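Please read the points below alongside the sequence and the coordinates. They are set out as a colleague's note, one topic to a point.

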Amino acid sequence: HGHTLLDHMIRLVRKVADPVQVVGRAPLPDRLPGLGPLSGISTGLEASSTDANLFVAVDLPFLTEDFLNFLRTRLENSSHPLVACKIGSVFPLCLGIWRPMLPETQRHLDARLLSVHGLIEGVPSEIISEVELRSEGFDPDIFRNINTPVDLE
């Protein structure tokens with residue numbers, strides 16, 4: 001709609017969270033570049049001034065304000081330090097994570113366990129199933145990953 005995916009995601013997330021930071025570019029470069037999304041999550045937690053944090057991949061343009069509010073509320077009310085959705089066998093990069101998870105993300109990075117999937121399954125996590133998402137009124141297609149014009153078509 002005339003904006004970059006990054007601009008779109010910043011505007012969307014600002015509707016439900018403040019402040020919004022983009023990891024991987026100035027003023028918040030990835031502390032350990034080349035180690036994938038887990039490094040970005042760790043960098044974001046380290047830089048965060050809030051306990052409850054949302055991490056959202058830029059290439060998920062079909063996410064909605066309603067869903068992000070739902071995720072934020074689930075995180076704020078969860079007894080688990082991490083909240084994730086599971087679509088089939090995939091965990092989309094749209095997570096709620098408490099800042100006290102920072103040492104755990106750093107342990108994974110130090111051990112070169114770089115999988116976000118592995119982190120989710122290796123810590124006490126609240127998993128929102130595809131069935132539950134649907135029952136809450138969310139179509140799992142909101143997690144469709146768009147990286148190219150062909151993907152968008």
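Across which strands does helix α2 lie, and at about what angle does it run to β1?

1. Basis of the note. This is a predicted model, in which local features need pLDDT of at least 70 and side-chain atom pairs count only at pLDDT 80 or more, while totals for chains, interfaces and linings use all residues. Residues are numbered from 1 along each chain as its sequence is written, and side-chain values use heavy atoms, with hydrogens and water left out.

2. Helix α2, residues 37–47, lies across β1 and β3 and runs at about 150 degrees to β1; axes are lines fitted to C-alpha atoms, for helices over the stretch in contact, and angles run from 0 to 180 degrees between N-to-C directions. Helices (H or I, at least four residues) and strands (E, at least two) are DSSP runs, numbered from the N terminus. The helix is mostly covered, since eight of its 11 residues are buried, where buried means under 20% relative accessible area, exposed over 50%, and partly exposed in between, with a 1.4 Å probe and protein chains only. The buried residues of α2 are L38, S39, G40, I41, S42, T43, G44 and L45. What covers them includes β1, β3, α4 (102–110) and α5 (116–122).

3. T43 within that helix. T43 is found in α2 and is buried, with a relative accessible area of 5%. Leaving aside neighbours within four places in sequence, T43 is in contact (heavy atoms within 4.5 Å) with V23, L28, P29, D30, R31 and L32.

4. The sheet. Four strands form an open sheet in the order β1-β3-β2-β4, with mixed pairing; two strands pair if DSSP finds at least two bridges between them. The edge strands are β1 and β4 (125–129), each of which pairs on one side only. Neighbouring strands of this sheet are turned by 20 degrees against each other on average, direction ignored. Strands β1 and β3 (residues 94–98) run antiparallel and are joined by five bridges, and F55 stands opposite L95 in β3.

5. Helix α1. In α1, the residues L6, M9, I10, L12 and V13 are buried. Because they cover an arc of only 165 degrees around the axis, they are on the same side of α1; the arc is that of the directions from the helix axis to the C-beta atoms. What covers the buried residues of α1 includes β1 (52–56) and α3.

6. The nonpolar cores. In soluble globular proteins, nonpolar side chains tend to be buried together. A nonpolar core is here a set of buried Ala, Val, Leu, Ile, Met, Phe, Trp, Tyr and Cys residues joined through side-chain atoms within 4.5 Å. Of the 22 residues in the largest nonpolar core, L63, F67, L68, C94, L133 and F143 touch the most other members. The elements that give two or more residues to this core are α1 (5–14), α3 (65–77) and β2 (82–86), and α3 gives the most, with five residues. Apart from this core lies another, of 17 residues, among them L38, L45, L82 and V123. Leaving aside neighbours within four places in sequence, F67 is in contact with C85, C94, L133, F138, I142 and F143.

7. Cysteines. How many disulfides does a search of the whole structure find? The search finds zero, a disulfide being a pair of cysteine sulfur atoms within 2.5 Å. C85 is in no disulfide, and the nearest cysteine sulfur, that of C94, is 6.3 Å away. C85 counts as buried, at 1% relative accessibility, and C94 is buried too, with a relative accessible area of 0%.

8. The loop between α4 and α5. L114 is found in this loop and is partly exposed, with a relative accessible area of 30%. L114 and L38 are 76 residues apart in sequence and 6.0 Å apart in space, C-alpha to C-alpha. Not counting residues up to four places away in sequence, L114 touches L35, L38 and L109.

9. Backbone geometry to check. Most residues other than glycine have a negative phi, and most peptide bonds are trans. R112, in the loop between α4 and α5, has a positive phi of about 60 degrees although it is not a glycine, and R112 counts as exposed at 52% relative accessibility. The peptide bond from D18 to P19 is cis, with omega near 0 degrees, and a cis peptide bond also joins A26 and P27, with omega about 5 degrees. P19 has its place in the loop between α1 and α2, and P27 lies in the loop between α1 and α2 as well.
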